[in-house]
Amino acid sequence: MTEEKPIVYVVDDDPSVRKALERLLRSAGHDAKTFASALEFMDFSHPDASGCLVLDIKMPKLSGLELQDRLAEKNISFPIIFITGHGTVPASVKAFKAGAMDFLQKPFEDRELLDAVSSGIEKHRRLRQEQKEKETLRARLDTLTPKEREVFALVVTGMLNKQVALDLGTTEKTIKVHRGRVMEKMGAKSLADLVRFAEKIGIRSSAG
Amino acid sequence: MIQKWFRGRRFPLRPHIFLILLICGLISHPVPTHAQTQRQNPLSGKNVLILHSHEANAPVFIGTDKGLLATLESGGVHRINQFFESLYLRGNPAPEHRRLLAEQMRVRYVHRKLDMIITMYPEALEFVLKDCLDIFPDVPILGMYLPLGFKLPKTKRRLIGHSASLDVLGTFEIALKLVPGAKRVYVVSGAHELDRTVEDLARRDLKKWEGRLEFRYLNEMSFGDILVALSTAPPDTIILLLIYSQDVNGRNYTSNALPQQLNQVSTAPIFSLLDSALGHGIVGGSLINFERIGAKAGELVLDVLSGTPTTKSIPGFLDVPPVPMFDWRQLRRWNLSESALPKGSIVVNREFTFWDLKYYIIGALVFIMAQAFLIAGLLLQRRRKRSAEESLRQKTEELDQFFSLSLELLCIANTDGYFVRLNPAWERSLGYSREELMAKQFFDFVHPEDLDKTREVVSSLASQQRPLHFGNRHRCKDGTYRWLEWTAAPAGNLIYAAARDITERLKEEVEAREHREELAHVTRVAMMGELTTSLAHEINQPLTAILSNAEAAQRFLSQASPDISEVRQILEDIIRDDRRANDVVRKVRALVKKEKLRDEPLDLNEVMLVVVDLIRADSLLQGLSIATDLSPGLAMIHGDGIQLQQVILNLILNGAAAMRNSPSGQRKIIVRSAMLDSRTVKAFVTDFGTGIDENNIERLFEPFYTTKPEGLGMGLSISETIIKAHGGTMEARNNREGGATFAFTLPANQGDPS
């Protein structure tokens, strides 16, 4: 699976700052894309790649905080690094509460920004990876028969085959066959894998 | 009413007329006027021939001619058209004489057209009608003095008769009244035919009295016998003189000498019938007045000549009644009572008593009184003049007093540049004595910088001749200068001037201004405190860009093959951003710095934009949008840019504060500029906030009035002070759609900035 190159999105209404940030990111080997306003960014259809958002809090029309809310509504998960001027403590608190990744006060050292951007990209990459895994597991789960799901749900609780057979009113041998099928279909090498998968896709034993 | 006569002339004694004449010093006898309408020139050129039967010097002719002549003259028939002829027919009635006379008439008048002939006595009438028939055939005739009962001969021409009706009975009855105790009457009469006719008339008239009085007719006597009879007449006798033109010896008596002679010897008063005898010895009587007859005849002639009124109204017979007339001296002589005279009597030769002269006396008194009033008036005027002089002197003293006491510097100077007069205030103010000040040209005391201006004022005073106001500095004895504010007016080659020492006032003004500036500065700094966030942002933006750019450049340069053009661009951007930061710092410093008040040409739009720029970041933070609507054709103004920025900043911050609790979408401020008129620029700051509390709208500009919990309450007060100092006004009002608009005006910069 080939991962696309991460992109750093910069939204700032000040052209000087915008341009300088783009240069700084580029000099550090990042792909940067700049936007003069939040709305402009909203209109942009970003590619399916990991990245992060560098966002000025104070902007006309749609502020950084408002953009944050809108992205959350749309379930767009870019980590957001807010950059701001002087003493906007209430705004920063609000931003963190809404899940901001970092909060930089202008003027900031290049390292501060680049570190934040790197970890943001990493965070997003991981997030995307997890999401993908989850989607794969869900697809595998869909291939299970209802009986196999029942067996899957009971097995991950740590129950023995005969306990499961007793619970389902069948033989231990039948359970064993189902269990093998579940392991195969879900791509689990061990019971521990199966338990982890179950956690990820949120399958809980009804009896648990 | 008894009329008064002077020598036959009527004297109207109306007091007011008299007074006027007296005052004018023009005492003169008015020309006698006869009741006669003035006839104009139509009658000029008409010829009238007057024929006397006998000698022209007979009293009857003299009197008649006098009245006739005057009347004709006044009616337009001039003397040169009046011809008088005496025919002497009484003395010589022979046919030969008559023939010669007729011939004479022909020779004299054949070339003239006669318009009227007046004959006196029947002989003359007869002569015209018979002897001159072919000479004056159709000329109208007035036949005067015809005997009573004379039958006018039949003729085709107009012929008007006249008889003098002698009033014997009237005269007699008047005489009886005047001499009530009379026992006898001497009737004096001549022997001429006419005389006898009159005597016959008298006898007939007096017949009824013969039983009561003794009548003696002195008719068949010589003149000498008559004189004897009169000189021996008893006192209770009345002498009645009839007509005496000829005595028994055929001697003619025509002059007035006869009554005089009779009177000289008579022992009794003489009454008579003709006015020609009045003044010559007779007392009077109901007299025939020849002049009056002449006047009446004249009027009749004029009527005939002018043809108006219609000939029908002209009588065929002229009748002139006699007039009761008396001689005052004779009344006195015979001691006869005036009160017994009949009504309408004319008394001549009156000698006046005081009582008679009462109108003269009253007139004189009035004149004297008028004089007295005049003199009193003149005296009063003189007195007034003296009192005016006195009050003038007092006024002058008062003015001198004020001149000395005045706190203002008063002076009279000449256009040569010297003081002529100075009041003591000069000594108090400048420290020089007046002598010292007057010794030099006053320009010597003027501050060198004000000298040109002062010379200009003096020369324009000398030429323009109207009051001027100006100010300059004068040196004191201690070398310091005092500011003087002048009002000066020219008068000839003098200048009157009053000056006020305004040094203290100017000092106070300067102090007040400095105080105001201090306060404005403090307020401004306080306001900047409110803006720190915004200012930090304004500076942080370029700093951020600079830092990032510089770091990026470092990275690019550390790469294997650095992009130099990229680095160059970065450096350019760094420089630009640094300038940008610098610019903000400069603006802020300007606002915060305490600087001397400046007065320079300004574009109000620029002033407003600087403020909007400064506050932009802050407004963003507050979710506030500031819109500008600036008039492109705004006139330049004059003043201090920083202070005006302060005002606009204050208004915007106030507007922002008023919208603190508004939804962020509604937080909007409009900054607007416009030309109010060609001389006024106006700025508006409109917000959409809570508006102004109408109850406190008047207190808005008061110091320490505030609605903001953290506010000092100085902002608007200082702003208004600043605008007033710039010659403008400030106002505040609520908008109809909510919020408030603060506005101020400033005078547009007209002409050259000085």
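Trainee: Between which two elements of chain A does the loop with A:P107 lie?

Mentor: The model is a predicted one. The peptide bond that leads from A:K106 into A:P107 is cis, with omega near -10°. In chain A, A:P107 sits in the loop between β5 and α5.

Trainee: In what order do the elements of chain A run from the N terminus on?

Mentor: Chain A has nine helices and five strands in its secondary structure. Read from the N terminus, the order of these elements is β-α-β-α-β-α-β-α-β-α-α-α-α-α.

Trainee: What share of the contacts in chain A with a separation of 6 or more comes from residues 24 or more positions apart?

Mentor: Of the 208 residues in chain A, 35% are buried. Among contacts in chain A with a separation of 6 or more, the share from residues 24 or more positions apart is 64%.

Trainee: What span is expected for helix α5 of chain A at 1.5 Å a residue?

Mentor: Helix α5 of chain A covers residues 110-142, which is 33 residues. From the first C-alpha to the last, α5(A) reaches 47 Å. That is close to the expected value of 48 Å.

Trainee: Is α7(A) roughly parallel or roughly perpendicular to α8(A)?

Mentor: Helix α7 (residues 161-168) and helix α8 (residues 172-186) of chain A have axes 8 Å apart and pack at an angle of about 105°. Angles of 65 to 115 degrees fall in one class, so α7(A) and α8(A) are roughly perpendicular.

Trainee: Which residues of α8(A) meet α7(A)?

Mentor: By class, the contact of α7(A) with α8(A) has three nonpolar, two polar and four charged residues. From α7(A) come A:N161, A:K162, A:V164 and A:A165.

Trainee: Is the crossing of α7(B) and α8(B) left-handed or right-handed?

Mentor: In chain B, helix α7 (residues 223-231) packs against helix α8 (residues 257-265) at an angle of about 40°, and their axes are 8 Å apart. The contact of α7(B) with α8(B) has four nonpolar, two polar and no charged residues. The residues that meet are B:L227, B:L230 and B:S231 from α7(B) and B:Q261, B:L262 and B:V265 from α8(B). The crossing of α7(B) and α8(B) is right-handed.

Trainee: Which element gives the most to the side of chain A that touches chain B?

Mentor: The contact takes 18 residues from chain A and 22 residues from chain B. On the side of chain A there are seven nonpolar, five polar and six charged residues. The most, eight residues, come from α1(A).

Trainee: Does B:Y88 count as buried or partly exposed?

Mentor: B:Y88 is not a glycine, yet its phi is positive at about 50°. It is in the loop between β4 (82-86) and α3 (95-109) of chain B. B:Y88 has 16 C-beta neighbours inside 10 Å and so counts as partly exposed.

Trainee: Does B:Y145 count as buried or exposed?

Mentor: B:Y145, a residue other than glycine, has a positive phi near 55°. Its place is the loop between β6 (141-144) and β7 (159-162) of chain B. Because B:Y145 has 26 C-beta neighbours inside 10 Å, it counts as buried.

Note on methods:
Residues are numbered from 1 along each chain as its sequence is written. Chains are lettered from A and ligands numbered from 1 in the order in which they are written. This is a predicted model: local features need pLDDT of at least 70, side-chain atom pairs count only at pLDDT 80 or more; totals for chains, interfaces and linings use all residues. Axes are lines fitted to C-alpha atoms, for helices over the stretch in contact, and angles run from 0 to 180 degrees between N-to-C directions. Helices (H or I, at least four residues) and strands (E, at least two) are DSSP runs, numbered from the N terminus. A crossing is left-handed if the near helix is turned anticlockwise from the far one by less than a right angle, and right-handed if clockwise. Two residues are in contact if their C-beta atoms, placed from the backbone, lie within 7 Å. Ala, Val, Leu, Ile, Met, Phe, Trp, Tyr, Cys and Pro count as nonpolar, Asp, Glu, Lys and Arg as charged, and the others, Gly among them, as polar. The expected span of a helix is 1.5 Å times one less than its number of residues. Angles under 35 degrees count as roughly parallel, over 145 as roughly antiparallel, 65 to 115 as roughly perpendicular and the rest as oblique. A residue is buried if 20 or more other C-beta atoms lie within 10 Å of its own, exposed if 12 or fewer, and partly exposed in between; C-beta atoms are placed from the backbone.
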